[in-house]
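My entries follow in the order I made them.

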Amino acid sequence: PPAIADAVVDLCAAARSITVLTGAGMSAESAVPTFRDASTGLWTGIDPMEIATPRAWRRDPDRVWAWYCWRAALVRRARPNAGHDAIARWQGGADVTVATQNVDDLHERAGTTVAAHVHGSLFAPRCSECGAAAPGAELAVPDAPVERLAPPRCGVCGGAVRPGVVWFGEPLPEAEWDAAAAAATTADLVLVVGTSGVVHPFAALPEAARDAGATVVEVNPEDTPITAVAHHAVRATSGSALPRLVPELPRPVPEE
Ligand code: APR
C-alpha cells in the first residue's frame, strides 16, 4: 500500500476537532460508482444534464425516477468499506464531524452520524409539488432494472414523487449547507476525501477551511483542484488510507 507520511498520521492523532468532507470516491471501494472516474464514472455513460436537472425531470420523469431507483437499489446491495468504518470509529472516540456530497447512506450504515448531506439523499424521496416526504418510495421497484418507471403519486396532494437529491441548478438545502460550512471553518483539521473538487459550492469548502486556519489534508489517489489548497496530499484510496490515519482510540492516557 502507498506510504503515508508520518506527519499526516501525527496530525490526525493530535487534532482536537476534525471535519471530514467526503465525495463519491469514499464509496468507490463499496462498488458504488463515482461520477467522473474515467470509464467507470456514472457521467461516462450518461450526460448529467439529461438526468440530474429539473429540466430532465420535467421532460421525462419516468426515466429520471427509474435511474435514481436503480442507484438506490445498488446502494442497498452495497456495504460500507474500511474507510467508512474508520471514520465511524474515529467519531466514536474524538470530535469528528462528517459533511458529505454523497447521496448514499454508507456513512450512516457504518455507524457515523452525518452532520450534512449537502446534495440530499437517495433515501429521502419527496413530493415534487407539495414537498411531503414519501419514505420508501424509491424501493418500490421491479426486480429487473428498467429504463423507465412512473414515479409514485404523493399521498397528500397527488403530485409526482421525486428523488430526494439536489440536481444541477438547484439550491442546496440551507440547513445542510450551513452545517457543512460551519464544520469546515471551525475544525483544526479538515480531511477532504474522494472528491474531484469541481462541483461548487462544496468544492470551495477546503479553501474556506484553510482560510479559517485549519490544516487541510486531501485523501485521493489522484491530483484535483483541491491538491493546491491542501497542506498535505495522501495519494491513496480512502479504504486503504483512512484505517491508517485514524488514531487508536481512545488515546492512551500519557503515563504520569
Ligand atoms: N478512494 C478515494 N478517492 C477515490 C477513490 C477511492 N477508492 N476512487 C476514486 N476516487 C476519487 C477520484 O480520483 C475523484 O477525484 O474520487 C473522486 C470522485 O470524483 P467525482 O466522481 O467527481 O465525485 P464527487 O467529487 O463526489 O462529485 C461531486 O458531482 O455529479 C455531482 O452531485 C454529484 O455529489 C456529486 C458531485
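Predicted model: local features only at pLDDT ≥ 70, side-chain atom pairs only at ≥ 80, totals over all residues.

How many cavities of 30 Å³ or more does the structure hold? I found one. A cavity here is a set of points on a 1 Å grid over the protein atoms alone where a 1.4 Å probe fits but cannot get out. A volume is the space filled by probe spheres set on the points, which are joined across faces, edges and corners.

Residues are numbered from 1 along each chain as its sequence is written, and side-chain values use heavy atoms, with hydrogens and water left out.

**Cavity.** I read about 130 Å³ of space in the largest cavity. Its lining has 14 residues, where lining means having an atom within 4 Å of a point. Nearest the centre I listed Val-32, Pro-33, Phe-35, Arg-71 and Asp-104. Helix α6 (residues 61-77) gives the most to this lining, with four residues. I sorted the lining by class: ten nonpolar, two polar and two charged. Nonpolar covers Ala, Val, Leu, Ile, Met, Phe, Trp, Tyr, Cys and Pro; charged covers Asp, Glu, Lys and Arg; the others, Gly among them, are polar.

Next I took the largest pocket, with a volume of about 830 Å³. A pocket is an open set with protein on both sides within 12 Å along at least five of seven lines. It is lined by 41 residues, and Ala-24, Phe-35, Arg-36, Thr-195 and Ser-196 are the closest to its centre. α2 (25-28) and α6 each supply at least two lining residues. The classes here are 18 nonpolar, 16 polar and seven charged.

**Whole chain.** I counted eleven helices and eight strands. These are DSSP runs numbered from the N terminus: helices are H or I with at least four residues, strands E with at least two. The radius of gyration is 19 Å, close to the 18 Å that the globule rule gives for 256 residues, so the chain is as compact as a globular protein of that length. The radius is taken over C-alpha atoms, and the rule is 2.2 Å times the number of residues to the power 0.38. The C-alpha trace spans about 65 × 35 × 35 Å along its principal axes.

**Backbone.** Most residues other than glycine have a negative phi, and most peptide bonds are trans. I looked for exceptions. His-200 and Pro-201 are joined by a cis peptide bond, with omega about 10°. Pro-201 sits in the loop between β6 (189-193) and α10 (205-211). Ala-31 has a positive phi of about 65°, and Ser-39 one of about 70°.

The cut-offs for relative accessible area are under 20% for buried and over 50% for exposed, with partly exposed in between (1.4 Å probe, protein chains only).

**Ala-241.** This residue lies in helix α11 (residues 238-245). Ala-241 counts as buried, at 0% relative accessibility.
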